[in-house]
Amino acid sequence: MALPVKEQVTYWGVATVAVLAVLWFLGDVILPFVLGAAVAYFLDPVADRLERMGLGRAAAVAVIAALAVLGFVVAVLMIIPSIVTQAVALFDIAPQLARDLQAFLGHHLPSLYEPGSTLHQALQSLGDTIRERGGQLLQTALSSAASLVNIVVLLVVAPVVAVYLLYDWDHMVARIDHLLPRDHAPIIRRLAGEIDATLASFIRGMGTVCLILGTFYAVALMLAGLQFGLVVGALAGLLTFIPYVGALVGGALALGLALFQFWGDWLSIALVAAIFVSGQVIEGNFLTPKLVGSSVGLHPVWLIFALSAFGTLFGFVGMLVAVPVAAALGVIARFAISEYQKGRLYRGLDGQRRE
């Protein structure tokens, strides 16, 4: 006999509180496991496809791991050092950019940019502030990432966890399915399928979109001759995961740098602008419809709120779990609305009589 609804709500409520408590108290500890699970989930379709091509699960995981190691080595040797170098140089040149902006405003907008105005004082200290604080922040991040514990956790533990989870993924899913409450198993399977479809469309699709756009922006901006084009392109591609933020931040930063570097060369400035416009056209008309789908059930405002809320409460781990939680809550909310619209509270007595 099934448990009463009150007891079921109690059990599910306790389980939810326990998960939130684990995220709160053990966020840094479980970070490699969350990263490993995310990587395994992302790569599971690749392993399944390799299995359908005739490889065993172990061989498929070995192929994926070998390609991942190769990509990591190439990134460490060729891409990451260039990004770090350009980021440091960008912080160093910030005071000069601020002085150039002051000179531009003083020449073209003298009435607005007076020596004693608030705008003048703010811009005068902007460059030094960015250099001091930005350099300090960058050095802190690099020193933290260079610590032995973080290297072991992120570069050793997370990949090992990802390999083990990827190898056992299908068995774990089957085991979890076997442990579902029998009375609710069909509904839970249906909701889990919808959540998986949403996550597959968004995480895997948007991850691929971010990688393609980041590569496109970085290569195109470097070919256009823009200083710091690699770091700007990488930043724009990474922020594409958050709707509209990547294009706005990356485009504004690229155009700002282009105005300082190419002032008077309007063709080069227009070329930088055209790169971001074409990137948005490609994303909106080809990449997102093909890789993400027209509707994944995650409204941009809801996604931004989830990332902000979970990031504030649980740090970086919270941002990693924000998208799955947002997808799950969205599916559950749509299911609850559907059940509500079938019930007497919504339909009333007249609705039941018409049936």
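I started with Asp 44, which is buried at a relative accessible area of 8% (buried means under 20%, exposed over 50%, partly exposed in between, with a 1.4 Å probe and protein chains only). This is a predicted model, where local features need pLDDT of at least 70 and side-chain atom pairs count only at pLDDT 80 or more, while totals for chains, interfaces and linings use all residues. Residues are numbered from 1 along each chain as its sequence is written, and side-chain values use heavy atoms, without hydrogens and water.

Next I looked up where Asp 44 sits: helix α2, residues 27–52 (helices are DSSP runs of H or I, at least four residues, and strands are E runs of at least two, numbered from the N terminus). Beyond four places in sequence, I found Asp 44 in contact with Arg 57, Leu 166, Trp 169, Asp 170 and Arg 204 (contact means heavy atoms within 4.5 Å).

Then I took in the whole chain. I counted 12 helices and zero strands, and 30% of the 355 residues are buried.

On to the cores (sets of buried Ala, Val, Leu, Ile, Met, Phe, Trp, Tyr and Cys joined through side-chain atoms within 4.5 Å). The largest nonpolar core has 32 residues, and Leu 23, Leu 166, Leu 199, Val 317 and Val 323 touch the most other members. I noted α2, α3 (57–108), α7 (185–223) and α11 (300–342) as the elements giving two or more residues; α11 gives the most, with 14. I also found a second, separate core of 20 residues, with Ala 220 and Ile 275 among them.

Last, I checked Leu 23: beyond four places in sequence, Leu 23 touches Ile 30, Phe 314, Val 317 and Val 321.
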